[in-house]
Amino acid sequence: MSSTDRDVDHALAYPEPPASPLWHRHSVKARPLTPDQQRRNRELLDIAQRTTRPRSPRPTETLAEAS
């Protein structure tokens, strides 16, 4: 194997497939959020960032002790 064979990224050797037609939207643009909706989103984001998520309980025994 020559050095040029090793240096070639074969993933780049072929062109990308065409983009899905589902990725292109020609519909109506989304409405901007109202100030009340923006405020509510900010409040929910603030709450979510401040609270901790509960962790799943872990068994107190190790796998070796359980056998």
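Asp36 and Arg39 meet through their side chains in a salt bridge, at 3.6 Å from N to O. A salt bridge here is a side-chain nitrogen of Lys or Arg within 4 Å of a carboxyl oxygen of Asp or Glu. In general, side chains of opposite charge can pair when their charged atoms come close.

Before I go on, the ground rules. This is a predicted model, where local features need pLDDT of at least 70 and side-chain atom pairs count only at pLDDT 80 or more, while totals for chains, interfaces and linings use all residues. Residues are numbered from 1 along each chain as its sequence is written, and side-chain values use heavy atoms, with hydrogens and water left out.

Back to the pair. Asp36 and Arg39 are three residues apart in helix H2, so about one helical turn separates them. Helices are DSSP runs of H or I with at least four residues, strands are runs of E with at least two, and both are numbered from the N terminus.

How accessible are the two partners? Asp36 is exposed, with a relative accessible area of 52%, and Arg39 is partly exposed, at 40%. The cut-offs are these: buried is under 20% relative accessible area, exposed is over 50%, and partly exposed is in between, with a 1.4 Å probe and protein chains only.

Arg39 has another partner. Its side chain also forms a salt bridge with Glu43, at 3.2 Å from N to O. Both residues lie in helix H2, four residues apart, which is about one turn of the helix. Glu43 is partly exposed, with a relative accessible area of 35%.

Next, Arg50 and Asp46. Their side chains meet in a salt bridge at 2.8 Å, N to O. This pair also lies in helix H2, four residues apart, about one turn. Arg50 counts as exposed at 65% relative accessibility, whereas Asp46 is partly exposed at 33%. As for shared partners, salt bridges join Asp36, Arg39 and Glu43 into one network.

How many salt bridges are found in the whole structure? The search finds three.

Last, confidence. pLDDT is the predictor's confidence in each residue, from 0 to 100. The chain averages 76, and 64% of the residues score at least 70. Confidence is highest in helix H2, residues 35–50, at a mean of 94, and lowest in helix H1, residues 3–7, at 55. Where pLDDT is low, the predicted coordinates should not be read in detail.
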